[in-house]
Amino acid sequence: MSETENLQTDKGELVGTTYNGNSQIYENDLLQMIEDADGSLTIQVMKYGLNIPASVLEKALEQEKKLIIEIFQPGYDAAMFNSRWVFDPARVYWSLDTESYPLGINLDLDAPYYSGHPDSASNPFSSIVSGDGGEWSVYDMPEVEGQEGWTIPGFYVEVAQRGEFDGMERMPLYGYDKERGIITQWGYASRGDDAVVSDSIVWHTIRIDSPSWGTSYAVLSDEHNYLPVQEIQEQIRDENVSSIEVQEGTCYLDNQYVLPAEILDQLRDSGKTLFFTSPGVEAQPTYSWFFDGTEITDTTDIDLHVQFYEGPYNNTQGLGLPSMLQGLPGDVPSMLFDFAHSGIVPGGTTLSVTASAELAKEGYLYYVNEEDGTFEYIGQTSAEIENEYFCTLNVSGITHCSYYLVTARELTGDNVVVPGGPSDPDEPDNPLPPDTPEDTENPVETDQPAGTDNSDGQAVQEVQVEKVEQSGAAVQTGDNTPVLLAAFAAVLSLTAVIAVLRKKL
């Protein structure tokens with residue numbers, strides 16, 4: 001063994017080369033630098049050959065000091081910023097389980113990895129978001145054998161971007177499966193700290209929290225519509241298909257599943273039916289939309305995302321919900337429908353949702369009119385009991401989307417509006433449940449929800465309410481959402497939801 005090799009062994013593992021190429025950094029050098037640092041420690045290294053030993057991260061943990069690793073790569077000048085990896089001891093929630101941590105993002109500055117590149121159309125990713133009109137960039141995280149998909153403990157990364165997200169503080173983040181050519185919702189990336197590498201060179205960055213080994217990410221400037229529009233249109237044109245069923249992926253946010261008006265127009269012309277089912281996730285129940293082409297009239301683009309809340313509604317301000325909900329009786333089971341869509345709903349539309357079995361006995365549907373602070377009665381819902389805990393609740397009669405409420409008992413009070421009068425025996429089309437035993441014998445299973453025939457002027461007042469715009473509200477659940485909802489997807493299968501909905505319609 002040569003003297004040089006002995007020297008290298010004494011210094012520990014080679015970490016990397018400084019970004020200007022003047023010197024090399026070894027394990028023991030970095031350990032001492034952390035020991036001597038007054039607060040956070042920043043090192044600047046070249047991309048190739050960079051490898052952080054676990055001992056270095058353990059030292060940072062012990063000293064409770066951030067380790068900031070700025071990575072550069074060969075480019076058109078000596079200061080081509082690549083990425084900034086920040087190891088924060090406060091973010092480490094489990095043991096470090098690999099001997100070393102290879103870092104660095106695969107950014108070929110000549111390759112079309114972002115939408116602004118002249119040759120971006122050659123990147124397969126461009127075909128996934130074609131027609132969306134937004135900006136995008138894709139990044140590949142480093143790989144560690146046997147660790148694919150696991151979170152890199154304690155790190156967040158800030159990646160160089162080429163101006164496509166300038167002025168944005170938050171950008172939709174997706175996992176990118178290159179082999180299958182699909183993207184899945186991951187959360188949000190955010191604007192990172194700028195990388196100032198010289199008086200004339202400043203790189204803007206995108207921050208990705210808790211990245212995973214071997215994962216490819218896509219950052220977009222707008223939410224991506226996952227709806228398989230082309231596939232749906234093909235099935236509408238197929239004479240052998242009478243009913244189209246679409247299983248949506250997990251949906252957390254607005255604008256991820258938007259049904260274009262042109263599909264509803266085509267559905268109306270074909271007379272076919274269309275089902276969309278969104279699986280339950282976290283505190284969200286499984287729910288389905290049903291559109292009957294034979295009843296569709298006016299059409300518009302419809303955002304299919306719906307957020308559900310169970311009463312009592314004690315945190316309306318925190319959730320961005322109408323404050324008038326706080327006045328509801330706390331002992332009356334209820335479910336609030338918060339539609340991402342705001343506007344008309346075509347005729348022949350029904351929404352089916354997994355709900356508490358308490359709403360199966362009697363369900364009353366109200367439009368929450370924020371404009372005048374009233375609850376406008378629409379009609380009774382129908383339901384199918386699945387077990388002692390859950391039912392499938394079917395809701396129709398909605399003409400405009402905003403907030404709607406289903407309660408297990410009739411609401412009373414000056415702010416409750418019932419068309420035709422709540423107890424007028426001479427009203428032939430009274431939307432309240434009939435009192436005769438033969439009509440109340442089986443209130444759960446009815447052929448059609450009572451009170452949904454609006455031909456005699458019983459439709460809810462057509463007032464389109466501009467909903468309070470709230471940032472990120474679709475992913476909030478709040479303390480008032482019962483944990484029962486978290487079990488919805490496991491209790492009721494998507495197939496059962498659709499089967500029940502067909503049975504009712």
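Student: Which strand does Ser288 lie in?

Tutor: Ser288 is in strand S18; helices (H or I, at least four residues) and strands (E, at least two) are DSSP runs, numbered from the N terminus. This is a predicted model: local features need pLDDT of at least 70, side-chain atom pairs count only at pLDDT 80 or more, and totals for chains, interfaces and linings use all residues. Residues are numbered from 1 along each chain as its sequence is written, and side-chain values use heavy atoms, with hydrogens and water left out.

Student: Ok. Is Ser288 buried or exposed?

Tutor: Ser288 counts as buried because its relative accessibility is 0%. The cut-offs on relative accessible area are under 20% for buried and over 50% for exposed, with partly exposed in between (1.4 Å probe, protein chains only).

Student: Which side chain does Ser288 make a polar contact with?

Tutor: That of Thr277, at 2.8 Å. A polar contact is a pair of N or O atoms within 3.5 Å; within protein, one must be able to donate a hydrogen and the other to accept it, and residues adjacent in sequence count only if both atoms are side-chain atoms.

Student: What sheet is S18 part of?

Tutor: An open, mixed sheet of six strands, ordered S15-S17-S18-S22-S26-S25. S15 and strand S25 (382-385) are the edge strands, each pairing on one side only. From one strand to the next, the twist averages 15 degrees. Strands count as paired if DSSP finds at least two bridges between them.

Student: How do S15 and S17 pair?

Tutor: In the parallel sense, over five bridges.

Student: Switching to helices. Which strands does H6 lie across?

Tutor: H6 lies across S15, S17 and S18, at about 140 degrees to S17. For that angle, axes are lines fitted to C-alpha atoms, for helices over the stretch in contact, and angles run from 0 to 180 degrees between N-to-C directions.

Student: Which residues of H6 are buried?

Tutor: In H6 (residues 261-270), Ala261, Ile263, Leu264 and Leu267 are buried. They line one face of the helix, because down the axis they fall within an arc of 155 degrees, taken over the directions from the helix axis to the C-beta atoms. Their cover includes helix H5 (229-237) and strand S17 (273-278). After H6 comes Gly271, with a positive phi near 75 degrees.

Student: How many residues are in the largest nonpolar core?

Tutor: 106, and Ile69, Trp289 and Phe337 have the most contacts inside it. Apart from it lies another core of 18 residues, including Leu319 and Leu405. A nonpolar core here is a set of buried Ala, Val, Leu, Ile, Met, Phe, Trp, Tyr and Cys residues joined through side-chain atoms within 4.5 Å.

Student: What does Trp289 touch?

Tutor: Leaving out residues up to four places away in sequence, its partners include Phe275, Ile302, Phe339 and Cys401. Contact means heavy atoms within 4.5 Å.

Student: And the sheet with S24, what's the strand order there?

Tutor: S20-S21-S27-S23-S24-S28, six strands in an open sheet with mixed pairing. Strands S20 (306-310) and S28 (416-417) stand at the edges with a single partner strand each, so one side of each has no neighbour in the sheet.

Student: Which way do S23 and S24 run?

Tutor: They run antiparallel, joined by six bridges, and Tyr364 has Gln380 in S24 as a bridge partner. Four residues sit between the strands of that hairpin, where Gly373 has a positive phi near 70 degrees. S24 and S28, by contrast, pair in the parallel sense over two bridges.
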